[in-house]
Amino acid sequence: MKIIKLAVVAAFTALAGASPVIAGCTQNACSTRWAGVVSSGPQASAQPVPGANVSIYRAGAGAPVLLAQAVTNGRGEFSAVVPKQAATEVRYAIATSMRTELMTVMVASDAPQVRIDEMTTVASAYAMAQFIDGKQVTGKALPLQVAAAMFHNLAAPADGVVSPVLRTSPNGDETNARRLMATLSNVLAGCVRGQAQSGCQLLFSATGIYGRWSNTTLDAIIAISRQPARNVRRIFALGDGVQPFQPALLPSQGPDAPDELMRLDAFTLAVKVNRTGRTNARGQELCPFGGTGNLVFDDKGYAWITNNVVQGTPDSANCFAVLKPDGTPADGTNGTPSSPLFGGGVLGQGFGIGRDPSGNIWSGNFGWGDALPNGSVSKFSPSGKPLSPPAGFVSTLDRVQGTTSDQDGNIWMASYGNNAVLVFPKGNPYTAYPAYVDDNTSPFHIVIDDKGAGYVSYTGSSTMSKFIMTPTGLVKQFTVGLGTDTHPKGMALDTRGNVWATAGGASVIYAYDSKGRPLGAGAFGGGGITGPWGVSVDSHDTVWVANFGPPEQLSLKYRLSQLCGVTTRYCPAGTRLGDPITPDTGYTLPSGGAQVLLANGKPLYGEGNPPSYKPLMRATVTQVDMAGNVWVTNNWKPSGLNDLLLNPGGDGMVIFVGLAAPVKPGIGLPKAP
């Protein structure tokens, strides 16, 4: 194959100061030749894009660094010599030809061959949605690496096709994600292939925001990723003209699909993960997911995820999982945990998990069923070593839910079973620090503000209290009522110190300032909020809600909801505090037509039982990672017939790609990384 040689910017003289110099490094050892193709469509049905200007950049905290430029030949081919890529470095390439603008993302482990097409452009736009402005990708190294890992969950850059992750279970046709990737790619292809002048015009008018049309195909897909519920029918119809990417969504899987479980509600892309790690000699997982309850991110972006039950039973699980930022199990490299984790008293974890200033993980043990003891707290080192006794730290704890650390390493725990709030000063479980008990009942969740004050939700009494810690005990600042029989559970703080609390009994979210005064109307709903449990707030103050749903579950498609927060400039035009941003359905994960399977390949409810077509299940928590991906727990199986008696624990995690403003892992108010 003949490949045109391209001019490398000023023979790299202009780039010499931009890359590290390796002692004794020859030019060949310090550089890599990249070969690539710019095309419309994957290799099997590709149409080359000749004469495209290809620019390769290194992304970073400052302005992107241009590493090389090239022009494609008549077959869409190009090559370029670039400095050798560092292990932590994220690069991207943009190919431009008039209104056609295509993109891909590159990491050091990628082969030096790349295809830049509509599929890699869709993956780039979604994964980098929170870092891209025009052609500039800007961010700190680790958040960019997390985003690049999610890019590889969506597309295979060497071939320009959908990734192996989306082609296989628990994705494949168990979700609509791989078909949606193809449909969005086909929407762009209608413009790239010049199917009449109107192809681009219709795309640009349908995706323009703030009163302006998009200008290029890259502009258009970035706009779709940022406002995925806008003009869904118009944009979906644009994927009919040309379809080089297959399999794509069928009309029966579009916005007018008669089957709600397959209906396209918005152009959100989500990746489901359900593997926990190590296996036994028969290849069976040592600790399958059985109801993910809550999670906390560490400084590396790893997700530590509580596990309720032994999959397929109502029995308490004695283990939990740690996933890498891309959703694969942690493997113990470089001092990281080797998932799953056992020991330290882990037993039927629920809503309680937190991380102290030293990086240690504390998890609350609810102890399901008749499990003994009836509650404890476990402690693990950052590398996953249990630091608590075999029964955990028991103290006077009973059925522990919320568990968190403040900035001084004091561990706060919601002892649900005996209506108490306990604190281990400086993480010491062997002190006589008194528990706090009053008329409020069933404490559930605890969040800590930047001043070390703690907010506690009481699901039994439908109240929320604020406390400060003193040398002699907790002192209550105030209590506010959250309706009648609303059963509040999850809470979250925004960047101004306001607290948001879910109220599942009323299907609303309450919001109060740090003095206990209600914000706006006080209670907010809509946007698909149905039986909410968990809530998180991103660094732009957008509010994200995990919905558990009502008692009757059979016809419900589960959803993630989004509300406008206190910083309204980040909300769509005309939106006010507490207004829903998501449609009435929320953001969902429709079925692709195949039944949901567990990590072992068996149906969700077991062999011989009715199949499930709900890859997103009854959720208890949503958390935002440092790249803006929104993680949602599949805590409980969809069918209410399974509640308590059979096998209630849901399967895995669902990660909505690039939806939110990134959040730095830490204690206190949400901050940008």
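Buried means under 20% relative accessible area, exposed over 50% and partly exposed in between, with a 1.4 Å probe and protein chains only. Helices (H or I, at least four residues) and strands (E, at least two) are DSSP runs, numbered from the N terminus.

This is a predicted model, where local features need pLDDT of at least 70, side-chain atom pairs count only at pLDDT 80 or more, and totals for chains, interfaces and linings use all residues. Residues are numbered from 1 along each chain as its sequence is written, and side-chain values use heavy atoms, with hydrogens and water left out.

**Stop 1: strand β29**

Select residues 499-503, which make up strand β29. Here 5 of the 5 residues are buried, so the strand is largely enclosed by the rest of the structure. Show the side chains. V499, A501 and A503 point one way from β29. W500 and T502 point the other way, and all are buried.

Two strands pair if DSSP finds at least two bridges between them. β28 and β29 run antiparallel and are joined by 4 bridges. Look for M491, which stands opposite A501 in β29. The two strands, β28 and β29, form a hairpin with 5 residues between them. In that turn, G497 has a positive phi of about 85°.

Go to the next partner. Strand β30 (residues 508-512) runs antiparallel to β29, with 5 bridges joining them. T502 has I509 in β30 as its bridge partner. The hairpin of β29 and β30 has 4 residues between the strands, and S507 takes a positive phi near 55°.

**Stop 2: an open sheet**

Select β32, β33 and β34. They form an open sheet of 3 strands in the order β32-β33-β34, with antiparallel pairing. The edge strands are β32 and β34 (560-563), each pairing on one side only. On average, neighbouring strands of this sheet are turned by 25° against each other, direction ignored. That angle is between axes, which are lines fitted to C-alpha atoms.

Focus on strand β33 (residues 543-547). β33 pairs with β34 in the antiparallel sense over 4 bridges. Pick W544: its bridge partner in β34 is Q562.

**Stop 3: the second largest pocket**

A pocket is found on a 1 Å grid over the protein atoms alone, as an open set of points where a 1.4 Å probe fits, with protein on both sides within 12 Å along at least five of seven lines; lining residues have an atom within 4 Å of a point. The second largest pocket has a volume of about 930 Å³. That volume is the space filled by probe spheres set on the points.

Select V296, Q623, G666, I667 and G668, which lie nearest its centre among the 44 lining residues. The elements that give two or more residues to this lining include β14 (292-297), β28 (488-493), β32 (532-537) and β35 (622-624). The lining divides into 22 nonpolar, 15 polar and 7 charged residues. Gly counts as polar in that division.

**Stop 4: T120**

Jump to helix α2 (residues 118-127) and pick T120. At 0% relative accessibility, T120 counts as buried. Its polar contacts are pairs of N or O atoms within 3.5 Å, one able to donate a hydrogen and the other to accept it. The T120 side chain reaches the backbone oxygen of M103 at 2.8 Å. A polar atom of that side chain also lies 3.0 Å from the backbone oxygen of D117.

**Stop 5: N186**

Finish in helix α5 (residues 177-192), at N186. N186 counts as buried, at 0% relative accessibility.

Technical notes:
Axes are lines fitted to C-alpha atoms, for helices over the stretch in contact, and angles run from 0 to 180 degrees between N-to-C directions.
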